[in-house]
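Dear colleague,

Please find below the structure that I am handing over to you. My findings follow directly after it.

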Amino acid sequence: MNPASITRLDLVLAAPELFVLAATCVVLLVDLFLTERTRWLTFVLSLLTLAGASWLTTVTGFSERTVGWHGTYVADPLSSLLKIVAYGAVAVAFLYGHGYLQVRRILKGEYYVLGLFALLGIMVLVSANSLVTLYLGVELLALSLYALVAFNRESGIAAEAAIKYFVLGSIASGALLYGMSIIYGVTGSLELGVISNAALQMPAGQIGLLFGLAFIVVGVAFKFGAVPFHTWVPDVYHGAPTPVTLFLAAAPKLGSFALAFRLLAEGLGAVHATGWQDMITMVAVLSIIVGNVVAIAQTNIKRMLAYSTISHVGFILLGILAGTSQGYSAALYYTITYVIMSVGGFGMVILLSRKGFEADSLEDFKGLNARNPWFAAVMLMLMFSMAGVPPFVGFWAKLAVIQAVLNVGSLWLAIVAVALSVVGAYYYLRVVKLMYFDEPTDEAALQGGGGAMRIVLSLNGLAVLALGLYPGLLLELCARVIP
Amino acid sequence: MQLDWPILSVLVWLPVAAGVLLLLVGERGLAVGRWIALAASLATFAISVLLWREFDSRTASMQFFEQQPWIGAFNAWYTLGVDGISMPLIVLTTFITPLVVIAGWTAIEKRPTQYFAAFLILEGLMIGVFAALDAMLFYVLWEAMLIPMFVIIGVWGGPRRVYATVKFFLYTFLGSVLMLVALIYMYLKGGSYSIADLQALPLSMREQVLIFTAFLVAFAVKVPMWPVHTWLPDAHVEAPTGGSVILAAIMLKMGGYGFLRFSLPMTPDAARELDWLLITLSLTAVVYIGFVALVQQDMKKLIAYSSIAHMGFVTLGAFIAFEIVRATGQVQGAAMGLDGAMVQMISHGLVSGALFLCIGVLYDRMHSRQIADYGGVINTMPIFGAFMVLFAMANAGLPGTSGFVGEFLVILAAFKANFWYAFLAAVTLILGAAYTLWLVKRVVFGPVGNDRVAQLQDLNGRESLVLGVLAVAVLALGLWPAPLLDVMRPTIEQLVQQMMMTKL
């Protein structure tokens, strides 16, 4: 591409990304000159970067779908929404992680820099309009995450998790790339819009298209962590330092949603009924079953939340497989609410941990109500929300998805989904049981996290309640951004 | 009737707000917290009395109607209103809750402010369930209600409380999610969650049968009907006294209310087609569970099984109407079973609540619920003995007590339909008398059973007050049920019409 052909529109279109890239480089450079005592500056600069990006995304927000950079890049209301939620999720992850890392003397600038690069990957992903841009975003995100998982050099278990994640992730990226190359070969274009039109012209069951599609579905399912491509999820969630797990469980899911939406809905929407719907159905049902059932057997809360994530991913995919705009907006809504609940859940793990003690066993939640009634109540709200019990926001997410599925006539999928959410309720109830019905074995006051984290975590819990009592605004927003 | 302020919203949110306030006060503020709990529950009761006074019993339409937009995307509204079915149940709720607060005044040692807070929040949600006129709002409150109850049984319950409360939660949750699928289905068909719209929505027979089945699972678990009743004895035995009282007096009524508000008017054709199933299950509950109650060794379990048998009358009364029309060919008599079902719900709320409170009184003193540990309680606790005998008689359906009115109406209705139905239903009078009176004989009468019984203290003022108030209510409803029947009449007549219309 000739630099002269970059228009002003292109720059405006990608302004948030360019800003984040530049600011991240500044953070990286500034951090070189900081000592452990002045590292708070990195933290502050990272938050400022996120604030600036939010501002830029808001002011350059496109109310209509606008394509730039020679058709490779798109800005639409969906990308703005996803980016803003991602900024929020990353900011919360930074905030929750700060105290934890500081106390353990592993507060390195890389945590922020890698986190911001991962964010950049997500941003590229949500704004991608061509296969190459998509892949670029996927890889930038994935490479940053591999490094983040391994970022505590002293920890053997983290290194093991990172290697597993890297090896499996590379295979999945390979599958994705292979699928993309075949789609390119069949349709003759990298641009999603052109691919979509080309796919519409082809006869149903065109073998090349389906062949490529299968690999793409594998890649998407892996990035989501859906069954049967889920085996990395529990190990990575367990092995990574808790702030990294928190990071991993939140914002990248927005990227995965974008990947699925851009590729499957916008690019290959034509082969929905004849191609990927059945594949995603299988993956979704298996994820809901395996996630919910296996979570029951876990004794480590990070692993339990990992399996719970797998089941939530199943629900997100249920919305996507409906293939209607109602379904996509339900999946989007589910993804956003999942991010809110997930940062809260891992935030609680951080809050209960202290120097030399990881509160990652379920037993560590014993008697929390006696130790700190307010945060026990926050966790109670998060757990019931994840279980899908009203009046918390998780209920509306499940409702939206089930409604979308019923609307395309899949009664059995709806029944499977609700029946397994009852199974899922069991392990969330167990956490409530430990907090409320058992007496504490550990009487120490909660030490993890500073005042700012406690305030944000409290707001996080209240948001789950508030969005549950009045879900209308977010639901309408999600419906509006999906064309 | 319409007041110029939203009385129903106040009824729903006042207790919830008071509960949240109590949580904020925390355990250190117990001295104040108790009084907040009492004041809030009494204020709620006072407001509900006003609701009753202002209620217009000449009309079947919804009164004190409130409507606010809630979730545009689902076309769900915050709609509240009451008719002759829901208003008495709301008054029952607000009547029982202060008694529970008073009964738990000093009996609760572990985190008492949270205990009171849980009951107040639960009260608000239960009132909301009865007042909701939007199916989505109804469902949200219906499920939300499980959370405080789950905590109440789990924190303040007996030794096997965790098993009992998880079983309670999962059973009812499983029942309700199928109802949710049915509601979404109807919403997608009709575009509205308003209960009135759902009642008017035409549905094919196949759809009705599926929806009816989904509702049946939800409500049958809640009632509970045989064979999905097994959570109830566990929950009752393990729950603290207050929890048992609320569970028996009000939560079980939600199932009955659901049949009257959802199943019968929304899927009348399926209900007519499948009424044999409901009647069979009800009669099984009445007869078989009656025998089960007879052999119980644990007082709470015995009352729990007796609750199942008595709730069998409610479902029998609700579904017998179709048989009456079939047998007699006219609609006039059909309302009698429904009248009986409603009276039975209110009466059972009072009587079972009172019996659980009586057992609580004994348990607080002896820390045992085994019948064998008692005997001759009347010798040391004469006032208590008198109350216990009165409530036992009411439970057995003695004329003059509220228990008689409901059972009598249902049996009479069953006679109109089929002699054998009535015969089997009447068996319960014998069985009920047998297990209740035998319980009384073993616990209250006879020589003093052991040394610990010999040292029992009779009721203190607080306990006498609670049981006395309930005794007055039981007798009043038994001697003069007309006010209750008058309030319900237009609504029940309208319900019968809805049931007899076809939606095909």
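In this predicted model, 61% of the 483 residues of chain A count as buried. For chain B, the corresponding share is 62% of 504 residues.

**Overall form of the chains**

Chain A contains 21 helices and 2 strands, and chain B contains 22 helices and 2 strands. The radius of gyration of chain A is 21 Å, which agrees with the value near 23 Å that a compact globule of 483 residues would have. Taken along the principal axes, the C-alpha atoms of chain A fill a box of roughly 65 × 55 × 40 Å, while the C-alpha trace of chain B spans about 70 × 55 × 40 Å.

In chain B, among contacts between residues at least 6 apart, 81% join residues at least 24 apart.

**The side of chain A that touches chain B**

Contact between the chains involves 25 residues of chain A and 27 residues of chain B. On the chain A side, two or more residues each come from helix 17 (373–387), helix 18 (393–407), helix 19 (411–436) and helix 21 (472–481) of chain A. Helix 19 of chain A gives the most, with 10 residues. Sorted by class, this side of chain A comprises 19 nonpolar, 4 polar and 2 charged residues.

**The nonpolar cores**

The largest nonpolar core has 406 residues, and the members that touch the most others are A:Val149, A:Met379, A:Val401, B:Val181, B:Cys358 and B:Phe391. If neighbours within four places in sequence are left aside, A:Val149 is in contact with A:Ala158, A:Ala161, A:Ala162, A:Tyr165, A:Val236, A:Gly239, A:Ala240 and A:Val244. Another core, of 6 residues, lies apart from the largest one; its members include A:Leu13, A:Ala14, A:Val74 and A:Ala75.

**A helix pair in chain A**

How do helix 4 (residues 77–103) and helix 15 (residues 325–352) of chain A cross, and at what angle? Their axes come within 10 Å and cross at roughly 5°. Since angles under 35 degrees count as roughly parallel, helix 4 of chain A is roughly parallel to helix 15 of chain A. Helix 4 of chain A makes this contact through A:Val85, A:Ala89, A:Val92, A:Ala93, A:Tyr96 and A:Tyr100, and helix 15 of chain A through A:Ile336, A:Val339, A:Val343, A:Gly347 and A:Ile350. These residues divide into 10 nonpolar, 1 polar and no charged.

One residue of this contact may be described further. A:Ala93, which lies in helix 4 of chain A, is buried, because 26 other C-beta atoms lie within 10 Å and the cut-off is 20 or more. Not counting residues up to four places away in sequence, A:Ala93 touches A:Gly115, A:Pro243, A:Leu246, A:Phe247, A:Ala250 and A:Val343. The C-alpha atoms of A:Ala93 and A:Leu475 are separated by 24 Å, and the two residues are 382 residues apart along the chain.

**Backbone details**

Most residues other than glycine have a negative phi, and most peptide bonds are trans. The following places depart from this pattern.

- A cis peptide bond, with omega about 10°, joins A:Pro390 and A:Pro391. A:Pro391 is placed in the loop between helix 17 and helix 18 of chain A.
- From B:Trp226 to B:Pro227 the peptide bond is also cis, and omega is near 5°. B:Pro227 has its place in the loop between helix 9 (205–222) and helix 10 (231–238) of chain B.
- A:Trp69 is a residue other than glycine with a positive phi, near 50°. The loop that holds A:Trp69 runs between strand 1 (66–68) and strand 2 (73–75) of chain A. A:Trp69 counts as buried, with 20 C-beta neighbours inside 10 Å.
- B:His367 likewise has a positive phi, near 55°, and lies in the loop between helix 15 (335–366) and helix 16 (377–380) of chain B. B:His367 is exposed, with 9 other C-beta atoms within 10 Å.

With kind regards

Note on methods: Residues are numbered from 1 along each chain as its sequence is written. Chains are lettered from A and ligands numbered from 1 in the order in which they are written. This is a predicted model: local features need pLDDT of at least 70, side-chain atom pairs count only at pLDDT 80 or more; totals for chains, interfaces and linings use all residues. Helices (H or I, at least four residues) and strands (E, at least two) are DSSP runs, numbered from the N terminus. The radius of gyration is taken over C-alpha atoms; the globule rule is 2.2 Å times the number of residues to the power 0.38. A residue is buried if 20 or more other C-beta atoms lie within 10 Å of its own, exposed if 12 or fewer, and partly exposed in between; C-beta atoms are placed from the backbone. Two residues are in contact if their C-beta atoms, placed from the backbone, lie within 7 Å. Ala, Val, Leu, Ile, Met, Phe, Trp, Tyr, Cys and Pro count as nonpolar, Asp, Glu, Lys and Arg as charged, and the others, Gly among them, as polar. A nonpolar core is a set of buried Ala, Val, Leu, Ile, Met, Phe, Trp, Tyr and Cys residues joined through C-beta atoms within 7 Å. Axes are lines fitted to C-alpha atoms, for helices over the stretch in contact, and angles run from 0 to 180 degrees between N-to-C directions. Angles under 35 degrees count as roughly parallel, over 145 as roughly antiparallel, 65 to 115 as roughly perpendicular and the rest as oblique.
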